[in-house]
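Welcome, and thanks for taking a look at this one. Below is a short briefing to read with the sequence and the 3D view open side by side.

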Amino acid sequence: MAVEEKEMPWVGRSVKRKEDDRFVRGGGNYLDDIRLANMLHMAILRSPFAHARIESIDTSAAEAVEGVVAVVTGELLAEHKLAWMPTLSGDTQAVLATDKVRFQGQEVACVVATDPYVAHDALELIDVEYEPLPVVVDPKKAVEDGAPIIRDDKEDQKDNRIYHWEAGDKESTDRAFSEADVVVELDTHYPRSHPAPLECCGCIADVNPATSKTMIYMTSQAPHAIRTVFALVTGLPEQNIQIISPDIGGGFGNKVPVYPGYVVATAASLLIGQPVKWIEDRTGNLASTGFARDFHMHGELALKQDGTMLGLRVGMLSDQGYAYADAQPSKFKAGLFHVVTGSYDMPAAHVVTDGAYTNKAPGGVAYRCSFRITEASFLIERLVQNAAYELGMEPVELRRRNFVRPEQFPYTSVTGFVYDSGEYAKALDVALEKSGYEQLRAEQERLRAEGRLLGIGVASFTEAVGAGPSRDYDILGIKMFDSAELRIHPTGKAILKLGVKSQGQGHETTFAQIVAGELGIPPEDVTVQEGDTDNTPYGLGTYASRSTPTGGAATAVVARKLRDKAKQIAAHTLEVSADDLEWEGDRFYVKGAPEQAATIQDIAFAAYTNHPQGMEAGLEGVTYYDPPNLTYPFGTYVVAVEVDAQTGEWKVRKVVAVDDCGVRINPMIVEGQIMGGLTEGFAMSAMQQITFDEDGNCMGSNFIDYLLPTAWETPTFELHATVTPSPHHPIGAKGVGESATVGSPAAFANAVVDALAHLGVRNIDMPLTSGKVWEAMQQARSS
Amino acid sequence: MFPRSFDYLAPESMDDALSMLAEHGEDAKVLAGGQSLIPLMKLRFAAPDYIIDINRIPDLGSMHENGSLSVGALVRTHDIERSELIKDRYPAMAAAAPLISDPLVRNLGTVVGSLCHADPQGDWASVMLAMNAEIVCRTGESQRRIPVAEFVQGPFTTSLEPNEIATEVNIPDPGADTYGTYMKLERKVGDFASVGVAIHLSFDGPRVERAGIGLTAVGPANIKATEAEQLLTGAELDGGTIARAADLCAEAADPHSDLRGSADYKRAMVRVFVSRALSAATAGKAA
Ligand SMILES: Cc1cc2nc3c(=O)[nH]c(=O)nc-3n(C[C@H](O)[C@H](O)[C@H](O)COP(=O)(O)OP(=O)(O)OC[C@H]3O[C@@H](n4cnc5c(N)ncnc54)[C@H](O)[C@@H]3O)c2cc1C
C-alpha cells in the first residue's frame, strides 16, 4: 500500500489513529485512574419511589460509621443555595431532594467517606421516611386536567405542561391537505433510550483550601461550558475553576449535562477541604442521567395520487421526566425536530410540539444525534414508506420523486432550515445498486409465495449538524462557535489546542490531519490537546457532530493564518518578495525556481531565530470560528431482514449504507463512526428501551434489562460513499458522528414492517421485539 | 462492586465445608461458580456473613458414567459444552450448554449451582426435569437424593436445607436410541430465556419409550410437562401426536406478560418449540 498511500494528500488518508496505541495498551487515563492524595469517596443514596414527599431524613447512624466524613443532604445544600440547579434548557432540577422525590433513582443524600465500601455501607443506614404520592408515568395523562402536579415547587407551574412550540405554517398546510388525493397517518412512539457509554459519569473535585483553586476532573463532553455553568451556579470566580476532562470512555450525549453528583462532590470538597471522588455505578447511570428520545409522535403526509408530496402535519408530545433538561442549545423548544420534512421538497408543513413533566429521570440528551433530529428523521422515513404502500408505489420511487434536487441548494425548507448541499438521488442510486435492490424485491416476491417473510427497508435521511450559527444557537447565552489554537515550535512540531473534546471520535488524529493538510507538518508531529479549561481556548464541546464543522473549521482557519505569517518569514529568509512565493504541500518555493524553498520546519525555526524586523517572533495563533450555517450530511440506507413467521424473530440479511458527509478527512475514522452508529441504530430498532411500570419503577436500570447488542447479533455492514462537499466549510467537510444513528433506525423498522406489509401491517413501535412482531402478525391474520 | 463485608472461608475438604456450614447455617452461602451469587451480593440483594467457597474441594469437578451420569458440583457449563460424552449420549444437555449466557459465565457457572439457585429463567433445571435427574445432597451426617422435580420448589426456592451441600446431579441412563434438544428464545446472545423448552426422548424402535419435557421461564419455577410426557410415552410421533403434545405443553405453561412478550406469545412459543423439536425427532427417525 505504502507508496500510493504516502503520496496521497493528508486529508483523505486513512491514517491509523494516533490515540489507539495508548488505549489498546491500557495506557489511557480515565477518571477512575486518577487518584489524589487524601482523596475521599462519595456514594449517592437514591429514591426507591417515583413520587413521594420526604417526611424526614435521619443521617445519625450513617454519620456514626467509622470512616464516614460527612453526610450531605438537600437541607445542607439549601443552606448554601445549592439544593437546586439550572438545567441546560432553562428549567431547574434538584441537586439533592428537599421537599419531594420526583423519579425513582433521584439523588436524596450523599455519603463522603475514606473508602468507597464504607460509603456504601453508610448509605444503608440513612433513614428516609417517604410519604408516597400518586405517580404520573404517561405523558398523555400528565397533561390531562386533574393530573397530580409534579413541579409544585415552581410557583407559576399549575399543570404538567412544559412548552408548546410550533414551526411551519398551519394555514398553508391545511390548504395542502384539503387538496390532497391521499393522506397517510402514523402514530408512533420513539422509546426512551439511553446512551449507556462504557464508562459511567464521575468526577474528582479538589478545592484547595489554601488557594481556593477548584480543580474538577470530570467526565464532560463540554468542559468549558460546564465551567461557566459552575461559576454561575456556585458563585465561585471562573478563573479559579479548572475543569479537566481526561480520556473519556464514550459519551454519546450522556456526558453533556451537569449532574447532581458533580455538584455535591464539589460542595463536599469545598466544605471538607479534601478531594472528593464520585464514580457513578451502572444503575445510577441508566436510572438517573440523561435519557434520550421518548417522543410520542403523530404524522400526516398529504400527497397527490402521482406521489407528489403536498404537505406534512406533525404533532409531538415529549416525555421530559420531571425536569426540562434537554441538553440543546437552539432557540427552538424541541431542538431541531422541525427538520422533519427530511430530504423532501415539502411545499407546506406544520409542526406542533408539546413537552410534559412525568415522574421519570430528566434528560432529553442528544444521544448521538443533533438535538432531536433522530426522532424527526425516523418519523418522516416511516411515513414515506407507508405512503408508498397506500399509493401502490415503489417506496424508493416515491422518495426520488420528492427529493430536494441538486439545483435547489442552498434549499430553504418550509420550517426554516437552509440545507447547504446535497445529491440525494445519487446516494440513493448507489445504495440501490450496491444492495441489489431489484433482486431483493424479486426474491421477496418468491419467498412470500413460500410463506417466508423477507422485508426491505430504506431510509434516505438528511442530517443537520455542526451547531451552530450564533444567530440561532447558544448555551445560556454563549454562542456556539468553537476554537483552535495552534503553536508551532522551533523544531517544526506543533501543538493544537481545541475547545472541543473527544470521547473516542479520534480527534487526536483527524485534527492533526487537518493541520497536516494545511501546513504539511505530518500528523505524528502535531499533538492535539483537549479537555483542560486552563490550557485550551474556550469552546462549547463535542456533541451533535459539531467538532469537525466547528473545531475542524477553526483548525483549518488558524493553520491558514499561520501559513500567511509563514509566507512573510519565508520571503525574509529566501530574500524574495512574498508575491514571488508559491505554496506546495509543506513549503514555500520561489516561482520558477522550486529548488529555492523553505519548508514549514525551516520557517518554524526562523520564526524564533531569524524573523523579519518589525514582526513578532513565534508561529502561533488562535481562531474562534462561528459557522455560517449547519452542515447537512445525508445518505441512503438499505436493510433487508427475514422474519420468522412463527416466532416473530428477525434476522438482518444485509445492510448497505451510503453516506455523504462531504470531504472525508480520515475515511477509516469516518467508517468507524458509521459502523458504530449503525450498531446503535440497529439496537434502538431491535432491543433498546427504558420503560416504567405503573408505579414509576424503572425497568431498564441494568444491562440485563437494558439491552445492548453484542458482536453476535450486530449485522455486518457494507459501507459506500458519495462526496458532496459543504460549500461553506473551509475544507468542505460535514459532521458524520451521528448520521447512522439518525438515519438507520427507520431503515431497520421499515424493513421489518415491509416483511409484513402484504398482511396489512403498517406499524410496530420500536423496539421491534419478537413479541411485538408476533402480536402484529396475529392481529393482521385475524383481521 | 461494593458488597457488604463478609468472611471468606475456603475449606479443602467436603467434611470441613459441611462443618462450617453446620456452624454458620443461615448466615452462610456456598460459593460455586459465583455467577448468580456474586451479582446478588454486588447489588446487596444478598449479604451473607460467610462465604464458603467449595472450589478447593477435590473431585467435585468430575463427571462420569456408571449406570447413570454423575455431574459433580464443580462441573462448569463450559465442561458440558466441551464434553464428547455429553455430545454422544445427552443431546439435550449438549444443546443447552452453549445457549447459556456467554463464555465468561459458562467458564465458571456450574450446573449444580444453577439448580440450587432455582431461577425460573435458568436453563439447566428444565433440562434436568426432562432427563428425570436427581440431586444428591449431603450434611455431615446424612445424604439424600431428591428428584429435580421435587428439589425446585418455586422462584429461587429449593428443598435444600441450610446445612446441606449439593454434591452432584445424577442423570439416569438415557438408553441407546435417544433424541434430545434445547430450544431457547432470547432477545440477544447471553440473555436469559424468554421461553425455553428441553426435550429428551428415548426410543424403542419407532415408539417413544420415555419422554421428558421441561419448560423454562413460563412459570414461577421450571415446569415438567407431565401430561405431554405421558401422551408421548409409548406413542409414535405422527403429526397428530406432535400437535397434541405441543398443545399440552402450551397448556402446562403459566407465563406472565412482560417486556419480552405477552403471555399468549410465550405460550405460543412453547407450542412452536415443542412441535419443532418433535418434528426434528421424527425426521431423525425417518433418516
Ligand atoms: C450475565 C449472566 C447471564 C446469565 N445467563 C444465564 C442463562 O442464560 N441461563 C442460565 O441458566 N443461567 C444464566 N446465568 C446464571 C449462571 O448460569 C449461573 O452460573 C448459575 O445459575 C449458578 O451457578 P454458579 O455455579 O455460578 O452458582 P453460584 O452463583 O456460586 O451459586 C448460586 C446459588 O446456589 C448456591 N449453591 C451453589 N452451589 C451449591 C452447592 N453445590 N450446594 C449448595 N448450594 C449451592 C449458592 O449458595 C447460591 O445461593 C447467567 C449469569 C450471568 C452472570
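## A first look

Pro767(A) sits in the loop that runs between α19 (739-756) and α20 (770-782) of chain A; helices (H or I, at least four residues) and strands (E, at least two) are DSSP runs, numbered from the N terminus. This is a predicted model, in which local features need pLDDT of at least 70 and side-chain atom pairs count only at pLDDT 80 or more, while totals for chains, interfaces and linings use all residues. Residues are numbered from 1 along each chain as its sequence is written, chains are lettered from A and ligands numbered from 1 in the order in which they are written, and side-chain values use heavy atoms, with hydrogens and water left out.

- Most residues other than glycine have a negative phi, and most peptide bonds are trans.
- Met766(A) and Pro767(A) are joined by a cis peptide bond, with omega about -15°.
- Phe409(A) and Pro410(A) are also linked by a cis peptide bond, here with omega about -10°.
- Look for Pro410(A) in the loop between α12 and β18 (411-412) of chain A.
- Asn38(A) is not a glycine, yet its phi is positive, near 65°.

**Domains**

- Chain A is divided into domain 1 (2-27 + 482-625), domain 2 (31-136 + 202-284) and domain 3 (424-466 + 631-783); the bounds come from an automatic or database domain assignment.
- The centres of domain 1 and domain 3 of chain A, taken over C-alpha atoms, are separated by 38 Å.
- Between these two, 29 residues of domain 1 of chain A are in contact with 22 residues of domain 3 of chain A, where contact means heavy atoms within 4.5 Å.
- For chain B, the assignment gives domain 1 (7-56), domain 2 (63-172) and domain 3 (178-286).
- In chain B, the centres of domain 2 and domain 3, taken over C-alpha atoms, are 20 Å apart, and their contact takes 26 residues from domain 2 and 28 residues from domain 3.

**Helix α11 and its partners in chain A**

- How do α11 (residues 373-391) and α12 (residues 395-402) of chain A cross? Their axes come within 8 Å and cross at roughly 115°; axes are lines fitted to C-alpha atoms, for helices over the stretch in contact, and angles run from 0 to 180 degrees between N-to-C directions.
- α11(A) and α12(A) are therefore roughly perpendicular to each other; angles under 35 degrees count as roughly parallel, over 145 as roughly antiparallel, 65 to 115 as roughly perpendicular and the rest as oblique.
- On the α11(A) side, the residues that meet α12(A) include Glu381(A), Val384(A) and Leu391(A), and their counterparts are Pro395(A), Leu398(A) and Arg399(A).
- This contact of α11(A) with α12(A) divides into six nonpolar, one polar and two charged residues; Ala, Val, Leu, Ile, Met, Phe, Trp, Tyr, Cys and Pro count as nonpolar, Asp, Glu, Lys and Arg as charged, and the others, Gly among them, as polar.
- The axes of α11(A) and α19(A) come within 8 Å as well, crossing at roughly 30°, and that makes α11(A) roughly parallel to α19(A).
- The contact of α11(A) with α19(A) holds eight nonpolar, six polar and three charged residues.

**Helix α19 meets α18**

- Helix α18 (residues 667-686) of chain A and α19(A) have axes that come within 7 Å and cross at roughly 45°, which makes α18(A) oblique to α19(A).
- Among the residues in this contact are Ile674(A) and Phe682(A) of α18(A), with Phe748(A) and Ala749(A) of α19(A).
- Eight nonpolar, five polar and one charged residue make up the contact of α18(A) with α19(A).

**Sheets**

- In chain A, three strands form an open sheet in the order β6-β2-β8, with antiparallel pairing; two strands pair if DSSP finds at least two bridges between them.
- The edge strands there are β6 (100-101) and β8 (127-132) of chain A, each pairing on one side only.
- Two bridges join β2 (residues 52-58) of chain A to β6(A), and Ala52(A) has Val101(A) as its bridge partner in β6(A).
- Chain B has an open sheet of four strands in the order β11-β12-β13-β14, again with antiparallel pairing.
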